[in-house]
Amino acid sequence: MKTKYIPELNTFGYIHDSITSYLGTPEWRIKSKKVFEHLRNLCNEFYSESEKLINVCGEVDAQTVMLLNELRKQFQSITNEIENIQLWLSNESIIQATFDENFFGINFFAIISRLKESKASHSHYFHFSAVLKILEQMSNIPIQAELDLLNKGIDRRSILFLGEPGVGKTHGIAAEVDNLLKEGYHVAILIQARDIAVTDTWKDIISSSLGLSNEWSEEEIWQGLMSLASRKKFHALDKSDEVFVLPKIAIFIDGLDESWPYEKWIERVQSTNAIVKKYPLIRFIFTSRPHVFSDNNIEGKIVNIGISGDTATCKLIDRYLKAYNVDISNTEWIKSALNTPLALKIFCEINQDKVVEYHSSADISISALLREKIKLIEIEFCKQVIDATKADQYIFKSILRLANLFKNNSRLKRENLINTLRQELSIELSLAKSIIEYLENYGILHQSCEHENGVLPLDIYYCEPGIQGYFDYAMALMLIDEYERPQDIDFSSCKALEHNAYYILAIISIQKFSFLITDNLSIDATISNSFKTELMFLALRFTRKSDGESYKLRLFQMMTENAEILRAITNYIVLPLARESQHPLGVSLLNEFLLSFEFPAERDILWSVPCNLRGSYGDKWYSSSELKLEQDMNFLIDTDTAEGLPTVYAWALSTVNNVMRQNYRIALMKWAIQTPGEFYKLFLKFSSVNDPQIRNDIFSILMSLLFEKDYPELLKASADWLMQNILGLDQIEKNRDIAIRYYSTSIIRKAMDSGVITSKEADNYLPPFNATSTYIELSEEALKGTRMSGYKGITYDLSRYVLIDYLDYYFCDRNRKLDINYNTLIENIAKNQPKYINISSDQFILSAAFQFITSCGWNERDFEYFDVENHKVYGVDFAISQSYNPNTHGSQSSVMTICEKYVWQARNYISGFLSDHILCHENNAAFYVYDYSLLDNFYIPALEIEPLDSERVRNLYSWHIPEMEAVIISGKSNSLDEVKKAVYNSPDITWEKWIQIDNFQ
């Protein structure tokens, strides 16, 4: 235990979270109680506001009334369930709690959409708004996550943590016991399974661990532990006034795989349910390797710890580097290359007290680290054993021999291993014993004990692989030694090879022989296609920079096949290599591939679509996972350069998922603040990319950055670039997008206000612009569309609310005073395009929008096509619409179809064109647009980092009412006339008193 648990290296992970929710803590329960209290309050508010809405809707909208009544019933049921939940959270008892989780299953998105579509929503706007606001607040509550935590606390079945050696089971359990003992709330008992005899009952196990007399019966032991928990209960009552968590006795049994026979442990684990049922303050937690319980129903909760460990390696790295005093300040990319706990530990052991100077991830692959580590172990062993020298290579030879023995046996008698080493290495028995003992102490070998029955029972000791990586490395080396070259290996005779041995073999093969192991045809019969792909990606990830170029074309061709392969190559090759900017299979590969698309919509099919779209398995756009940009190891840091990971984030801005898009925008904004110079390089790189949505976002970040802090040199460089490339007279008509213009002109104004450029210089680059050309590409076929029917992918909502209503509001005067502007524009357009003479404003807008969309690569056949013969709709946009409901009435969908994505960009483009040629009108005034913020609300990424929450602000700050008598009407006003009279007679307001300048920071 001492060798496996080092407190300085502890970081609480999944084991801690699982046990905390299992046993319960006041802090977690208080948090849950507040969440459910908030939900209950919202249910009550909904009940009140929905009643008002039902009263005003009446018979006008029967469907809405029916929906609201159904919701009222469901929310009443939820309120009842919350009462039960709050009762349990406030005062946990030994009586098993129950609640019905089904009541909480509400599709808020669908309900909100239905209410927005109500025909009464306009006439009763404020009532609808109140109800929608409550539903939107409910939708933001992580209800399912809280229910899951609740279930874990209520479920009393034993927990069994299963994981392979090295994933942190023992460390996690020891850390948790240490933590519980320090907190003093629950009682923790830690037992090592290897110390328990085969004949031991639970009475023997607990008595031995606690040093109790054998005279105690099993029932007395459990009753005694229950009494101890009850005594803790009185101390716990003082811990929190809000909740009460029953103190429990947590019995931890570590390493069931270390104690034979396994069948006995399976029986013991199964028996714990009966114990807990009778003694409800007792809990059991076990750890084991998976093979012990592979085919058995233990009637408990199994928690699998994956190869990445109890805690993600990226969360452990800083602690390990500090503990081992390893300096990687010149090679920060190493953090993303060390992706398993074993690799991290070996790396730190090799480089303790050093400044590292590795050049690529190939240098710290697991095979390279193991090779180096074995050399160090060899030296350490020679210091301890007089009869050994480094040249003898006893450790390396022993690992090879042992790997061969374990190939067909999961464990072997320790005595037999010693004799085998003595014979095969031709060494003395004492030296063979020293080698085995050294490997055991180091953890490379794992010792277990089997207790025999009989009059004179003898303990039989067994050994099995402890740190499997050493034996996998040895097996890979022996295979290559046997066949001389990896391409000649006959894998049909190697069916017992462990998966991890394949990994190491793949790395050695590509690094030493420049051969991709998956190109060996005999491997197909021994591994699955999915594992073969995984193996290939792993090998390519660790290929040396000098060899990577030869595999680039193959990956490029694979990426064109479908979204699944593109996403996998990005996640498992490009992202791990993203901080090695010179690696040919890193970011440069992805960037070159994504740039190869002539049209952005074609790229979107493979790159920008959400995963797991309904009914799309096998289609080109289908993928089973998202980009792994939101994993800790892929967060942007201040040492990232424009050519590395930020390039992947910038490309990710093309997504049709606006929630993810905002996350990427925020991440880039934070990184830009840390490294403004590198961001500017990224901006220049993407300023001319053929995806208008990416351009919008990258320009928005530049503007936000320059307004966040003073960067005189960067502001000057940006202003000069924008004047030359965006806002100049020869460029402005190539950049009609009003979002691009808004961000660009805002920077020019900032530069002018800061004195970076003169007002005279700025005047030529600020709107209104003197555009000379009236040419705009239009679609003749889209003239068939209408405001109400839209056209093809442009739906009714997109046609009417996003496009025509919006553009009409600003550029088409309902009083017909500005018709001459529009008619003149159409006449000028028709001079070069006669077929568009006399088209209406609706036709012009739909025609221009559809042409813009198709120029981006959208077409009906690939994106949304109705097969008349088979009566079936095909295409990626149809797949998106089947999985995500679109927003209505002019609001942008959380997840857009690809067509919708470009409709919004088309609106920006058409707005820019019209603002150059037609007077804008608002509040009975007509003018040429001088500030694009008058036309739309644009993203400001700096504000997205910490968005303003009006509800939170109201709770934080009390009302500031300096003139109470001027704004509060005293007494009762029973009629409209009385209210008007009271308002007229109220004193005038002195506005200066209402403005608190000192509050601004």
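Among the contacts in the protein with a separation of 6 or more, 73% are accounted for by residues 24 or more positions apart. The model is a predicted one, and in it the protein has 41 helices and 13 strands. Buried residues make up 53% of the 1001 residues.

**Nonpolar cores**

In soluble globular proteins, nonpolar side chains tend to be buried together. The largest nonpolar core here holds 222 residues, and the members that touch the most other members are Phe347, Ile569, Phe679, Ile794, Phe844 and Ile898. Once the neighbours within four places in sequence are left aside, Phe679 is in contact with Trp671, Ala672, Ile698, Ile701, Leu702 and Leu705. Another core, of 38 residues, lies apart from the largest one and includes Cys43, Leu53, Ala97 and Leu132.

Cys43 has a relative accessible area of 2% and is therefore buried, since the limit for that class is under 20%. Cys348, with a relative accessible area of 0%, is likewise buried. A search of the whole structure for disulfides finds zero.

**Packing of α2 against α6**

Two packed helices are described by the angle between their axes and the distance between the axes. For helix α2 (residues 26-57) and helix α6 (residues 143-154), the angle is about 135 degrees and the axes are 11 Å apart. This angle makes α2 oblique to α6, and the crossing of the two helices is left-handed. On the α2 side the contact is made by Trp28, Arg29, Lys31, Ser32, Val35, Phe36 and Leu39, while α6 contributes Ile143, Glu146, Leu147, Leu149, Leu150 and Gly153.

**Backbone features in loops**

Most residues other than glycine have a negative phi, and most peptide bonds are trans.

Which residues does a cis peptide bond join? Pro767 and Pro768 are joined in this way, with omega at about 0 degrees, and Pro768 lies in the loop between α31 (759-763) and α32 (796-811).

Technical notes. Residues numbered from 1 in each chain as written. Predicted model: local features only at pLDDT ≥ 70, side-chain atom pairs only at ≥ 80, totals over all residues. Heavy atoms only, no water. Core = buried A, V, L, I, M, F, W, Y, C linked by side-chain atoms within 4.5 Å. Buried < 20%, exposed > 50% of the residue type's maximum accessible area, 1.4 Å probe, protein only. Contact = heavy atoms within 4.5 Å. Disulfide = S-S within 2.5 Å. Axes fitted to C-alpha atoms, helices over the stretch in contact; angles between N-to-C directions. Helix = DSSP H or I, 4+ residues; strand = E, 2+ residues; numbered from the N terminus. Parallel < 35°, antiparallel > 145°, perpendicular 65-115°, else oblique. Left-handed = near helix turned anticlockwise from the far one by under 90°.
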